[in-house]
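I opened my notebook with one plan: pick a spot, look it up, write it down.

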Amino acid sequence: MNDTSWIDAAGAAMWALVERYTGHVSYKRGAKASGLHEDPPVIDCSGWTGLLLSAGMAAANREAGRLLFTDEDAAAVHTWSDRLIENLERRSGAILSGDRITAAELPPYATIGLQQGGGAWATNHPRPRGITHVVQFVHRPGDQDRYVSEAQAMSQPNGLRLIPLSEWIERSHDYLKPDVAWAVAPFTR
């Protein structure tokens, strides 16, 4: 096993979830992973990102044959969007902001938080950065094409969707500004 096979395993685990659920799950604010068992299945952005990241952490641990990510690391990603980014930044010690969020600058499997407003519901938790939406950067195994996976209600298609990274950056241009967008490397150890 080489030193990086665990990150490939994390990426493959996330991709398996992306393939299984994209296009089949609607968005519902406040719905976490358990919402996937509802009929019809639902989830929100932080629930989806938390599920992807915790599945990636578990796969990384299995591949490495040792504990790279603790139960506390996995629990820290099952929270609301602003806190998720804060917890990952605290663990990794680094964050990328605003216009530095480009295809060339993003770390592998970056998690990206955005201020997208949200109205009164956005005051449900303390949000020091005002992040109300979070997305997950993923790679398709094999060709390593890069995508953003997200649960989205503000644009179509509603629900779980997968967008090529370059297209997502172009669509999100208005949000990729300092003090509006942040990216963290969730698998930094």
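**Entry 1: a hairpin.** I began with β5 and β6, which form a hairpin with 6 residues between them. In that turn I looked up G142, and its phi is positive, about 100 degrees. I note here that the model is a predicted one.

Next I checked how the two strands run. β5 covers residues 133-139, and it pairs with β6 in the antiparallel sense over 4 bridges. I wanted one facing pair as an example. F137 stands opposite V148 in β6.

Entry 2: I followed the chain onward to β7, residues 159-164. β6 and β7 form a hairpin too, with 6 residues between them. Their pairing is antiparallel and counts 6 bridges. Again I looked for a facing pair. Y147 in this case stands opposite P164 in β7.

Is β6 mostly covered or mostly open? I looked up its residues, 146-152, and 6 of the 7 are buried.

I looked up S97 and found W182 in β8 as its bridge partner.

**Entry 3: the list of elements.** I counted along the protein chain and got 5 helices and 8 strands. From the N terminus on, the order reads α-β-β-α-α-α-β-β-β-β-β-α-β.

**Entry 4: S81.** I picked a residue in a helix. S81 lies in α4, which spans residues 81-92. Is S81 buried or exposed? Its relative accessible area is 2%, and buried means under 20%, so S81 is buried.

What does S81 touch, leaving out residues up to four places away in sequence? I listed S46, R127, I131, T132, H133 and V134. Two of the names tie back to Entry 1, as β5 spans residues 133-139.

**Entry 5: T70.** I moved to a loop. T70 sits between α2 (45-64) and α3 (71-75). Its relative accessibility is 26%, so T70 counts as partly exposed. I also checked T70 against L165. They are 95 residues apart in sequence, and their C-alpha atoms are 29 Å apart in space.

**Entry 6: the chain as a whole.** I stepped back to look at size. The C-alpha atoms fill a box of roughly 50 × 40 × 30 Å along the principal axes. Why call the fold compact? A compact globule of 189 residues would have a radius of gyration near 16 Å, and this chain has 15 Å, so the two agree.

I looked up burial next. Of the 189 residues, 50% count as buried.

Residues 24 or more positions apart account for 63% of them.

The chain has 18 positive and 22 negative side chains. The centres of the two sets lie 3 Å apart.

Conventions
Residues numbered from 1 in each chain as written. Predicted model: local features only at pLDDT ≥ 70, side-chain atom pairs only at ≥ 80, totals over all residues. Heavy atoms only, no water. Rg over C-alpha atoms; globule rule 2.2 N^0.38 Å. Buried < 20%, exposed > 50% of the residue type's maximum accessible area, 1.4 Å probe, protein only. Contact = heavy atoms within 4.5 Å. Lys, Arg positive; Asp, Glu negative; His and termini not counted. Charge placed at Lys NZ, Arg CZ, Asp CG, Glu CD. Pairing = 2+ DSSP bridges.
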